[in-house]
Amino acid sequence: MPKPPRILATRPAPATSFLRIEQVDLEFSNGVRCTFERMLPSGLGAVMIVPMLDAETVLLVREYAVGVERYELGLPKGRIEPGESIEAGAGREMQEEVGYGARRLLRLATLTLSPAYMTHRTHVVLAQDLYPRRLPGDEPEPLEVVPWKLAELHTLLGHAEVSEGRSIAALFMAREHLAGRYSP
C-alpha cells in the first residue's frame, strides 16, 4: 500500500450559503505535488437508522429529494445536533420521521460519501425493540412510512424510487448483522 500524500497547506475556497470548500495542497510519496478540493462538513455528521419493526420488517420512508427532483424511498436519516450522541441523534430522528422510539440501538458502521472530495460521515444505527413515540420533525410534509421485508431486499434494488447508496449499504449491513454474518 502506498504511503499517503503529505498535506502541505489548506485554505478556504469560495463558499456558498450551503457549501464550504477547502483547497488542500498535497505532496505524494513520489514527490508529485498538486492541489485537491474537498467539501467541509456543515455540522457534526449524520445518522441513518435501520428501524426494525420486527425481526423481519424494516421501516422505510418516502421523502422528496430535491437533488434528484423526485420522491426517494430509503431509511430515516438526519443531522446530529450539537451536544447529541450518535445514539441520541438516531433516536430523535427515528421518532421524528417514523414515529417510533427504540429500546436497543447498535452502531453498525460509519459510511462516507465520495471520500475523494467530501469529509461527510454518516453513522449507520440498527434500531430494535421499537415502541410508538412521535416527535415533531422539520420536514415540510408528513413522510410516508413503508414497511419492507428484509427477505425481499433484492426486489427493493429494482424499485424506481431507490437510488441512495447509503440506504442500500445500510440495509445490507443490517441484514448481514441480523443473520450473524457481520459484526461491527
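Two residues are in contact when heavy atoms of each lie within 4.5 Å. By this criterion, 59% of the contacts in the protein chain with a separation of 6 or more join residues 24 or more positions apart. The model examined here is predicted.

The protein chain has 184 residues, and 38% of them count as buried. Its secondary structure consists of 3 helices and 10 strands. From the N terminus, the order of elements is β-β-β-β-β-β-β-α-β-β-β-α-α. Along the principal axes, the C-alpha atoms fill a box of roughly 55 × 40 × 35 Å. The chain exposes about 10700 Å². Carbon and sulfur atoms supply 56% of that area. The chain carries 21 positive and 24 negative charges.

The largest nonpolar core has 22 residues. Val50, Val58, Leu60, Leu75, Leu156 and Leu171 have the most contacts inside this core. H3 provides the largest share of the core, with 4 residues. Leu156 illustrates the packing. Beyond its neighbors up to four places away in sequence, Leu156 touches Leu60, Leu73, Trp148, Val162 and Leu171. A second core is separate and has 14 residues. Among them are Met94, Val98, Ala102 and Leu130.

Glu96 is part of helix H1, which spans residues 86–97. Its relative accessibility is 13%, so Glu96 counts as buried, the cut-off being under 20%. Leaving aside residues up to four places away in sequence, Glu96 touches Arg134, Leu135, Pro136 and Gly137. Thr119 is 23 residues from Glu96 along the chain, and the C-alpha atoms of the two are separated by 26 Å. The other glutamate, Glu139, is located in the loop between E9 and E10. Glu139 is buried but has no salt bridge. A salt bridge would need a side-chain nitrogen of Lys or Arg within 4 Å of a carboxyl oxygen. For Glu139, the nearest side chain of opposite charge is that of Arg134, 7.2 Å away. With residues up to four places away in sequence again set aside, Glu139 touches Glu63 and Glu97.

Backbone angles were also inspected. Most residues other than glycine have a negative phi. Glu69 has a positive phi, near 55°. Glu69 lies in the loop that connects E5 with strand E6 (70–74). It counts as exposed because its relative accessibility is 63%, and the threshold is over 50%. Asp129 is not a glycine either, yet its phi is positive, at about 55°. Asp129 is placed in strand E9. With a relative accessible area of 39%, Asp129 is partly exposed.

Methods. Residues are numbered from 1 along each chain as its sequence is written. This is a predicted model: local features need pLDDT of at least 70, side-chain atom pairs count only at pLDDT 80 or more; totals for chains, interfaces and linings use all residues. Side-chain values use heavy atoms; hydrogens and water are left out. Helices (H or I, at least four residues) and strands (E, at least two) are DSSP runs, numbered from the N terminus. Buried means under 20% relative accessible area, exposed over 50%, partly exposed in between (1.4 Å probe, protein chains only). Accessible areas come from the Shrake-Rupley method with a 1.4 Å probe; for residues, only the protein chains shown count as cover. Lys and Arg count as positive and Asp and Glu as negative; His and the chain ends are not counted. The place of a charge is taken as NZ of Lys, CZ of Arg, CG of Asp or CD of Glu. A nonpolar core is a set of buried Ala, Val, Leu, Ile, Met, Phe, Trp, Tyr and Cys residues joined through side-chain atoms within 4.5 Å.
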